Amino acid sequence: MFCVALTAALACSPSDEEIDIRDMQRQAVQREYGISSSEMVEMRDGSRVLFFGDSITLGGVSDEGYVTLVARALRALYPDRDIEVMASGVEGDKVTDLLLRLQDDVLSRQPTHVVIYVGVNDVGSLGPGEAALARGERTYAAGLEDLVVRIKETGAWVMLCTPGVIDEDVAVQSRTNRALERYAEAARQVAAEQDTGLCDLRREFTEHLAIRNAGGERRGILTVDGLHLNSAGNRLVAGTMLRALVTMATPPPVPHSGSGPPPVSPSADDNS
């Protein structure tokens, strides 16, 4: 397992020049990702955002990985908030593996926001036949629901991500593409039933590739190997996740110690 913590730094009594620079950085990120101040939710001081998944999340902590890009963007969008960004990704993990390490790798770290991105290994490990697909789909949906319920019991906000691609030729009606669509729909249904956030990466990938992969390439547009993200794929995932996170998330109570009440932070509108 590999984990990373990226913490937004706070400046004490910033000068007018520093405030101007922060405003310009925030506006640049808003333009890049198509986010307006009016739709941004509150992110409180002490927020702890944790990305939980497989090797795609493991790769997301690289210098240009999607986790790192989201952390940088959050720092610019909420310059006066102390927001910690963490990631826990393990190669080959399926939803059942996430359940096994949920306590040690997620709950013990007291996140306030958890983003779950898993599914391609679940699809990739399917046996042949429709019965195997149906069983796998049920196991995947039940696993996501269990993860959501256990995380929400801590008071954290949860966002589910639909699985992306296994080979980039999404127009081909292969069994893998059909399975990915079914798993994506299962994630959408769990998100709706459990009232969680949803980041529909499967839809984002397919719409992007329908335009940019007319030649039916299996890799090289958003991935290096049909599965793991290249720089363009990391930017696409980061932008999709960031927009969902900062427009959907509710501000759960921030874990705190001591007998007094938790600190109260101003709303995101005060940043504008």
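Arg-188 is buried, at a relative accessible area of 14%. Buried here means under 20% relative accessible area, exposed means over 50%, and partly exposed lies in between (1.4 Å probe, protein chains only). The structure is a predicted model, in which local features need pLDDT of at least 70, side-chain atom pairs count only at pLDDT 80 or more, and totals for chains, interfaces and linings use all residues. Residues are numbered from 1 along each chain as its sequence is written, and side-chain values use heavy atoms, with hydrogens and water left out.

Arg-188 belongs to helix H8. Helices (H or I, at least four residues) and strands (E, at least two) are DSSP runs, numbered from the N terminus. Beyond its neighbours within four places in sequence, Arg-188 is in contact with Thr-162, Glu-181, Leu-198, Asp-200, Arg-202 and Arg-203. Contact means heavy atoms within 4.5 Å.

The protein chain holds 10 helices and 6 strands. Of its 272 residues, 50% count as buried. Among contacts in the protein chain with a separation of 6 or more, 80% join residues 24 or more positions apart.

H8 has 20 residues. From its first C-alpha to its last, H8 reaches 28 Å, close to the 28 Å expected at 1.5 Å a residue. The expected span of a helix is 1.5 Å times one less than its number of residues. The buried residues of H8 are Asn-177, Ala-179, Leu-180, Tyr-183, Ala-184, Ala-186, Ala-187, Arg-188, Val-190, Ala-191 and Gln-194. Their cover includes helix H6 (120-124), H7, S5, S6 and H9.

H9 packs on H8 at an angle of about 140°. H8 spans residues 175-194, H9 spans residues 201-212, and their axes are 9 Å apart. Axes are lines fitted to C-alpha atoms, for helices over the stretch in contact, and angles run from 0 to 180 degrees between N-to-C directions. H8 and H9 are therefore oblique to each other. Under this scheme, angles under 35 degrees count as roughly parallel, over 145 as roughly antiparallel, 65 to 115 as roughly perpendicular, and the rest as oblique. On the H8 side, Asn-177, Leu-180, Glu-181, Ala-184 and Arg-188 take part; they meet Arg-202, Arg-203 and Thr-206 in H9. By class, the contact of H8 with H9 has 2 nonpolar, 2 polar and 4 charged residues. Ala, Val, Leu, Ile, Met, Phe, Trp, Tyr, Cys and Pro count as nonpolar, Asp, Glu, Lys and Arg as charged, and the others, Gly among them, as polar.

H8 also carries Ala-191. At 5% relative accessibility, Ala-191 is buried. The C-alpha atoms of Ala-191 and Leu-144 are separated by 8.9 Å, although the two are 47 residues apart along the chain. Leu-144 sits in helix H7 (residues 130-152) and is buried at 1% relative accessibility. Not counting residues up to four places away in sequence, Ala-191 touches Leu-160, Thr-196, Gly-197 and Leu-198. With the neighbours within four places left aside, Leu-144 is in contact with Val-95, Ile-116, Val-118, Leu-160, Ala-187 and Val-190.

Most residues other than glycine have a negative phi. Just after H8, Asp-195 takes a positive phi of about 55°. Asp-195 lies in the loop between H8 and strand S6 (197-199) and is exposed, with a relative accessible area of 66%. Asp-167 also has a positive phi, near 80°. Its place is in the loop between strand S5 (157-161) and H8.

The largest nonpolar core has 77 residues. Such a core is a set of buried Ala, Val, Leu, Ile, Met, Phe, Trp, Tyr and Cys residues joined through side-chain atoms within 4.5 Å. Phe-51, Tyr-66, Ile-116, Met-241 and Leu-242 touch the most other members. Helix H3 (residues 66-77) gives the largest share of this core, 9 residues. H3 has 12 residues and reaches 16 Å from its first C-alpha to its last, close to the 16 Å expected. Of these 12 residues, 10 are buried, so H3 is largely enclosed by the rest of the structure. They are Tyr-66, Val-67, Thr-68, Leu-69, Val-70, Ala-71, Ala-73, Leu-74, Ala-76 and Leu-77. Leaving aside neighbours within four places in sequence, Leu-242 is in contact with Val-29, Tyr-33, Ile-35, Val-70, Ala-73, Leu-74 and Leu-77.
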